[in-house]
Amino acid sequence: MDVNLSEESIREAPNGDAYSPGSGGWPTIRYFNKETGISGGAYEKKTDKSMCDELGDDSMMEAYVEDYGDVSTCSVISGEGCDERETGFIAKAKVMSLEDQKAYVVRLDGMEGQSMKPELLMWLKKRRKVLKQLVAAAADGNDEL
């Protein structure tokens with residue numbers, strides 16, 4: 001996982017678009033991934049706290065990095081960084097066939113746009129990340145699973 005932090009004062013995106021630094025309050029938090037490209041995207045606050053207090057909470061910062069970076073701290077190979085619920089799901093998913101795992105990912109992708117409670121959306125994303133790791137490991141021929 002690559003996370004790059006910058007202390008530079010950025011007023012203009014590399015493509016010439018305005019970043020609008022400070023919009024929504026300081027500090028301005030931007031993220032860059034395949035979907036946003038070089039223009040990046042603005043962080044959307046999840047609570048009514050100030051941004052520095054919200055992201056000063058370790059669990060909120062971890063959730064931010066996982067969500068916008070589409071990464072997970074949970075390793076399906078070692079089990080490190082996984083909570084109890086993820087560990088249980090990993091055990092169930094490992095016995096699925098590769099085709100069933102891929103179908104489950106497609107099903108979860110289809111469910112993501114539906115209206116659901118934030119906790120359920122977070123659980124959906126965690127399951128999808130676990131399954132994507134398992135599918136990738138199978139594609140790489142990883143026998144550790």
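Buried means under 20% relative accessible area, exposed means over 50%, and partly exposed is in between (1.4 Å probe, protein chains only). Keep that scale at hand for this tour. The model is predicted, so local features need pLDDT of at least 70 and side-chain atom pairs count only at pLDDT 80 or more, while totals for chains, interfaces and linings use all residues. Residues are numbered from 1 along each chain as its sequence is written, and side-chain values use heavy atoms, with hydrogens and water left out.

**Stop 1: helix H2**

Select residues 58-69. This is helix H2, with 12 residues. Helices (H or I, at least four residues) and strands (E, at least two) are DSSP runs, numbered from the N terminus. The expected span of a helix is 1.5 Å times one less than its number of residues. For H2 that gives 16 Å, and the end C-alpha atoms are 16 Å apart, which agrees.

Now show the side chains. Tyr 64, Val 65, Glu 66 and Tyr 68 are the ones to pick out: they are buried. What do the buried residues of H2 pack against? Strand E1 (30-31), helix H1 (51-56) and helix H5 (118-139). Contact here means heavy atoms within 4.5 Å.

Step just past the end of H2. Asp 70 takes a positive phi there, about 50°.

**Stop 2: the tyrosines**

Rings of Phe, Tyr and Trp (its six-membered ring) pair if their centres lie within 6.5 Å; planes under 30 degrees apart count as stacked, over 60 as edge-to-face and the rest as tilted. The whole structure has six aromatic pairs. In the pair of Tyr 43 and Tyr 64, the ring centres are 4.7 Å apart and the planes stand at 80°, so the pair is edge-to-face. The two partners come from distant parts of the chain, 21 residues apart: Tyr 43 sits in the loop between strand E2 (41-42) and H1, and Tyr 64 in helix H2. Both Tyr 43 and Tyr 64 are buried.

Ring pairs link Tyr 31, Tyr 43, Tyr 64 and Tyr 68 into a cluster.

**Stop 3: a salt-bridge network**

A salt bridge is a side-chain nitrogen of Lys or Arg within 4 Å of a carboxyl oxygen of Asp or Glu. By this rule there are five salt bridges. Asp 67 forms one with Lys 125, with the closest N and O atoms 2.7 Å apart. Asp 67 lies in helix H2 and Lys 125 in helix H5, so the pair ties together parts that are 58 residues apart in sequence. Is each end buried or partly exposed? Asp 67 is partly exposed at 30% relative accessibility. Lys 125 is buried at 16%.

Glu 112 is in the loop between H4 and H5, Lys 125 is in helix H5, and they are 13 residues apart. Glu 112 is partly exposed, with a relative accessible area of 29%.

Next, select Asp 109 and Arg 128. This salt bridge is 3.2 Å, N to O. Asp 109 lies in helix H4 (residues 98-111) and Arg 128 in helix H5, so the pair ties together parts that are 19 residues apart in sequence. Asp 109 counts as partly exposed at 38% relative accessibility. Arg 128 is buried, with a relative accessible area of 7%.

**Stop 4: charges over rings**

A charge sits over a ring if NZ of Lys or CZ of Arg is within 6 Å of the ring centre and within 35 degrees of the ring normal. Select Arg 85 and Trp 123. The charged end of Arg 85 sits over the Trp 123 ring, 4.2 Å from its centre. Then go to Tyr 104. Arg 107 lies over its face, at 4.8 Å from the ring centre.

**Stop 5: the disulfide**

Select Cys 74 and Cys 82. A disulfide is a pair of cysteine sulfur atoms within 2.5 Å. The whole structure holds one. It joins Cys 74 to Cys 82, S to S 2.0 Å. The torsion about the S-S bond is about 90°, so the disulfide is right-handed. Cys 74 is buried at 2% relative accessibility. Cys 82 is buried at 17%.

**Last stop: Gly 79**

Select Gly 79, in the loop between H2 and helix H3 (84-94). Gly 79 is partly exposed at 33% relative accessibility.
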